[in-house]
Amino acid sequence: MTSKNTRRFDEVRAGEALPELAIPITVPLIAGGAIATRDYFPGHHDRDAARKLGSPHIFMNILTTSGLVQRYVEEWAGPGARFGSLKIKLGAPNYPGDTMTFTGEVSGCDAAKRSVEVTLKGKNSMGNHVTSTVAVVLP
Amino acid sequence: MLETKLAEQDWMSEVRAMVGREYGRVYAWDEVNAPMIRQWCEIMGVDNPMYTDATYAATTEYGGIVAPPAMLQAWCLEGLHANNYPPGSTTENPYEVLRLMEGQGYQSVVAVNSDLSFERYVKVGEKLYYTTRLDAVGEQKTTALGTGYFVTLIMSFFSEKPAGNEKVGELLFRVFKFSPANAQSATEAPVADAAPAAPKIKRPKPGMSDDTRFFWEGAAAGKLLIQRCKCCGTLRHPPGPVCTKCHSFEWDTVESAGKGSIYSFVVMHYPEVPPFDYPNPVGLIELDEGVRLVAGLVGVKRNEIGIGQRVQVEFQSFDDGELTLPLFRPVAP
């Protein structure tokens, strides 16, 4: 069972802000995230290989970014929310030692589908790592 | 030159002819399974029990554990050995268009968009595969990274079923395939032990001259200084060498009380330039002493900013004290 509540469609309003979520970017998160998503590209787990590519350190893979976006929206929406889409646009890389802070707001409500659109961004010290729109259906 | 140009058009028409092409199935090595799901949730910090708690998952419309939707693509990746796909997978290369462009000097690639959409969640035990369609190759574009082409692939994910395969989701994946504007970053990448730090984006520093230095040094000391003509006493901002009223070159400064009102303002939304926060409100402040200056606004709530709003200066330090800026915060009238 879960102690968490799911947000209901009727209690959500366009313009409502999601609480911020700061995620420390670490070697275990980047390397572990890449392997958990079956992405063995060396730039995501091997610092020497990443440097040969011109990066100062290993950098986060796309599938981990998508996973963290899911987490951010799901923590706000609750376990009963169902994702209809999760669209991301990539920007500045996530390197170890940085922090990515998610902010977001409800950018649309579709009453017929009980679907809520969330527009969000994950910002690190170099700018936006990710900008995203996510659609979730709420009870 | 003419031959070169024709050759370029030749290879590009070969690329264009590939648009719309469909590529066969790429299978997942493993059925959707609880251990891989649990490990994914552990590293991502996802705690929805429908992915890990069988008892809770039994109460949902799926009646059992499902995979997190953002995990969809991961099931069908080849794993440690590149291009090592499970039996039954196509031997075609859905990314052949990128290889063709590499041969023409567009050797670098960066992912731009990853758009997932879901028909439904997938349950433990389902066997997934995807097919790929080369959706689009854009016109040649030059970005900060270099010159190249945006290439869009659409992958359709299916669950294999005896009664007929079911589409479960789709991924629109767009990359920029380009020739780097700054090629040395790839070839002269440092490999020595002295690791370069991740670049830290700092606030742009103001230009400083003998006319303006007092203003920034004042800010560093927590004072908002206004230039004053020693001859006629007229205040002026922005600073300059000559009094606009009496043309005297003699000046000193006076410390402002830091109170004023918003004379005009703008809220920057796009493009988002680091390291600023957005939306980024900037005001033209009319100080009570009579001069106006441009400064950032802080503590301003959206839709609560207006002309005439009373404000008070405060000083904020940026980049470990390298820069101190006067910013203005709304106060009660």
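Two residues are in contact if their C-beta atoms, placed from the backbone, lie within 7 Å, and this is the sense in which one element is said to cover another below. In this predicted model, what covers the buried residues of helix 2 of chain B includes helix 1 and helix 3 of chain A. The contact between the chains takes 42 residues from chain A and 41 residues from chain B, while chain B by itself is more spread out than a compact globule.

**The side of chain A that touches chain B**

- Helix 1 (27-36), helix 2 (47-52), helix 3 (62-77), strand 2 (82-90) and strand 5 (127-137) of chain A each give two or more residues to the side that touches chain B.
- Helix 3 of chain A provides the largest share of that side, namely nine residues.
- By residue class, the side of chain A that touches chain B divides into 17 nonpolar, 15 polar and 10 charged residues.
- Strand 2 of chain A also pairs with strand 2 (residues 108-118) of chain B, in the antiparallel sense and over five bridges, and in this pairing A:Ser85 stands opposite B:Ser117.

**Helix 2 of chain B**

- In helix 2 (residues 34-44) of chain B, the buried residues are B:Ile37, B:Trp40, B:Cys41, B:Ile43 and B:Met44.
- An α-helix has 3.6 residues a turn, so residues three or four places apart point the same way.
- Just after helix 2 of chain B comes B:Gly45, which takes a positive phi of about 80°.

**Nonpolar cores**

- The largest nonpolar core holds 65 residues, of which A:Val69 and A:Val136 touch the most other members, and helix 3 of chain A gives the most to this core, with seven residues.
- Leaving aside residues up to four places away in sequence, A:Val136 touches A:Val73, A:Ala77, A:Ala81, A:Arg82, A:Phe83, A:Gly84, A:Ser115 and A:Val116.
- A second, separate core has 14 residues, among them B:Phe215, B:Ile226, B:Val311 and B:Phe328.
- In soluble globular proteins, nonpolar side chains tend to be buried together.

**Overall form of chain B**

- Chain B has six helices and 14 strands, and its radius of gyration of 30 Å is well over the 20 Å that the globule rule gives for 333 residues, so chain B is more spread out than a compact globule.
- The C-alpha trace of chain B spans about 95 × 70 × 45 Å along its principal axes, and buried residues make up 23% of the 333 residues in the chain.
- Among the contacts in chain B with a separation of 6 or more, 62% are between residues 24 or more positions apart.
- The domain assignment of chain B gives domain 1 (2-32 + 67-181) and domain 2 (213-330), and the centres of these two domains, taken over C-alpha atoms, are separated by 51 Å.

**A three-stranded sheet in chain B**

- Chain B contains an open sheet of three strands in the order 8-7-9, with antiparallel pairing, in which strand 8 (235-236) and strand 9 (251-255) are the edge strands, each pairing on one side only.
- Strand 7 (residues 225-229) of chain B pairs with strand 9 of chain B in the antiparallel sense over five bridges, and B:Gln227 stands opposite B:Thr253 in strand 9.
- Strands of a sheet pair through backbone hydrogen bonds, either parallel or antiparallel.

Notes. Residues are numbered from 1 along each chain as its sequence is written. Chains are lettered from A and ligands numbered from 1 in the order in which they are written. Helices (H or I, at least four residues) and strands (E, at least two) are DSSP runs, numbered from the N terminus. Ala, Val, Leu, Ile, Met, Phe, Trp, Tyr, Cys and Pro count as nonpolar, Asp, Glu, Lys and Arg as charged, and the others, Gly among them, as polar. Two strands pair if DSSP finds at least two bridges between them. The radius of gyration is taken over C-alpha atoms; the globule rule is 2.2 Å times the number of residues to the power 0.38. A residue is buried if 20 or more other C-beta atoms lie within 10 Å of its own, exposed if 12 or fewer, and partly exposed in between; C-beta atoms are placed from the backbone. A nonpolar core is a set of buried Ala, Val, Leu, Ile, Met, Phe, Trp, Tyr and Cys residues joined through C-beta atoms within 7 Å. Domain bounds come from an automatic or database domain assignment.
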